[in-house]
Amino acid sequence: MSRSTAVPADGIPHDAAPHDPARPLSSDGGAPAARDVLTAAEINRALTRIAHEILERNKGARDVVLLGIPTRGVHLAARLADRIREAEPGIDTAALFGQLDITMYRDDLHRGPVRAIGTTQIPAGGIDGKTVVLVDDVLFSGRTVRAALDAIKDLGRPDAVQLAALVDRGHRRLPIRPDFVGKNLPTALDERVTVNLVEVDDVDSVVIDTPARRGRQEVAR
Amino acid sequence: MKHLLSTADLSLDEAVGLLDTAAQMAATQDREIKKLPTLRGRTVVNLFFEDSTRTRISFEAAAKRLSADVINFSAKGSSVSKGESLKDTALTLKAMGADAVVIRHQASGAAYTLANADWLDAPVVNAGDGTHQHPTQALLDAYTLRRHLRSGTPGVADSAGAVGKDLSGVKVAIVGDVLHSRVARANVWLLHTLGAHVTLVAPPTLVPVGVGSWPCDVSFHLDDALRDVQPDAVMMLRVQRERMSSAGGGFFPSPLEYSRLYGLDARRLAMVPDHAIVMHPGPMNRGLEISADAADHPRSVIVEQVANGVAVRMAVLYTLLAGEPAVPATNERS
């Protein structure tokens, strides 16, 4: 069976395979069930770049508040906050970073089972008059961001809201665009993009899963 | 979880989950804008056959903070006073499209009947039925206990620090009119599920028959119980004189004697550990089961219980209403 090679997370740390991480887009032969599209080093570089882009766009970080969307967006926002602190010493670190749970603002709550509500934590200074940078792992339909915008509206009146995503996979359903992107990733609608982060998944990687349906057909053939 | 009828039905995971959700709801209530859009377009009917101030207002506030529409129904001035049955009332509510029904009724089991008689599809929340159960009161009591006693820092109340925790190791004394108290029954089962140790303290006349099968200890002497158990919380129950046939005469000799033997005052408060909190579900009979000293003591959390009630009821409505409506094909009745 050809499915064993690229299976993620199980056991083999992705860092142990440092061979040419850039282009594993092997469309040759039987499509693999899952493929890595970003390695730990690439995620690192993308976040460093985004941190500097945020600083450049906003002329420093004085009025910037990074709000991560749980779960992985929070960790990404924390990493961005670390990098901004490194680049701009003397920044008020407590006011820089928070997290925004959007569960109660979702438009699909009535589908599927009840969702657990996450924590919202806004820096003590609030978000009034600040530039809020929303941070999420994958930008897809844009519905999460719409919900986040609604949630922000109830928390205060920021001067501006910007959007940072580690991966933009396209297929937007709403007129929403990101300001800072780690990687643009053209995908098929039925593919699944998974962001793994050390803080929750023990490994840093971005993986595309082709749907199980196709995988099963491969096996059947 | 389709309905919330009794705390005896709740598993440990469900109970802790509800308390955790309540903690998140409470966090939103510190904001300038307290309203959340979560239950927009849903209709919650408050069906109150029995007088209530705080429970009804609390449920109404909880539903409105989640943007649900609220219809209040009280038996006084309704067709019930013309003799309409619970069934016909339920069918009317169904026809009007109620998405959830909160019921308070003087008959034990009314909520169960409403939920299980196929009159309604909507989730039913028991807001007190006779002398049977009052699950949201027990949940808000558990939430208050957890916030004060399991916050991770002794003596500091912290909802966030208590998230995910149960009440194991916590000792609670529930004192007073256990016989007529649905609050006591609801608390005994919920606190037991959460791992707390409950001691009921009451005069023998106010202890129900069959209490031996409940998961708790029973004592007839308040002083002894406070000294021996050293409870982390003392929960006083209201003497329900409206449920006593001859104005209290049938169960204890006189209010003064009851107050001397089973009332919480400054002297008895000095017998319990310094961190212990004083609770009361309200409304209080000041001077009967609780003295003004105890009710207004810095360790009294009675007013906070009311505030926590809104958060807990928001969590209950969210849990029962936010998800997919129960699909008859896949959902076995629970």
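Chain A and chain B touch through 14 residues of chain A and 13 residues of chain B, where contact means that the C-beta atoms of two residues, placed from the backbone, lie within 7 Å. On the chain A side, seven of these residues are nonpolar, four polar and three charged. For those classes, Ala, Val, Leu, Ile, Met, Phe, Trp, Tyr, Cys and Pro count as nonpolar, Asp, Glu, Lys and Arg as charged, and the others, Gly among them, as polar. Keep in mind that this is a predicted model: local features need pLDDT of at least 70 and side-chain atom pairs count only at pLDDT 80 or more, while totals for chains, interfaces and linings use all residues. Residues are numbered from 1 along each chain as its sequence is written, and chains are lettered from A and ligands numbered from 1 in the order in which they are written.

Let's start with chain A. It has five helices and eight strands, which are DSSP runs numbered from the N terminus (helices: H or I, at least four residues; strands: E, at least two). From the N terminus on, the order is β-α-β-α-β-β-α-β-β-β-α-β-α. Of its contacts between residues at least 6 apart in sequence, 69% link residues at least 24 apart.

Now look at one helix pair in chain A. H1(A) (residues 40–57) packs against H2(A) (residues 72–87) at about 65°, with the axes 9 Å apart; the axes are lines fitted to C-alpha atoms over the stretch in contact, and angles run from 0 to 180 degrees between N-to-C directions. Residues of H1(A) in this contact include Leu47(A), Ile50(A) and Ile54(A), while H2(A) brings residues including Leu76(A), Leu80(A) and Arg83(A). By class, the contact has nine nonpolar, two polar and two charged residues.

Another backbone detail in chain A is His171(A), which has a positive phi of about 65° although it is not a glycine. His171(A) is in the loop between strands S5 (160–168) and S6 (180–184) of chain A. It counts as partly exposed because it has 14 C-beta neighbours inside 10 Å; the cut-offs are 20 or more other C-beta atoms within 10 Å for buried, 12 or fewer for exposed, and in between for partly exposed.

On to chain B, where the domain assignment gives domain 1 (7–133 + 308–321) and domain 2 (135–304), with bounds from an automatic or database assignment.

Finally, the core. The largest nonpolar core has 154 residues, and Leu66(A), Val101(B), Val175(B), Val234(B) and Leu317(B) have the most contacts inside it. Such a core is a set of buried Ala, Val, Leu, Ile, Met, Phe, Trp, Tyr and Cys residues joined through C-beta atoms within 7 Å. Its largest share, eleven residues, comes from helix H11 (residues 302–321) of chain B. Leaving aside neighbours within four places in sequence, Val175(B) has contacts including Val201(B), Leu222(B), Val234(B) and Tyr262(B).
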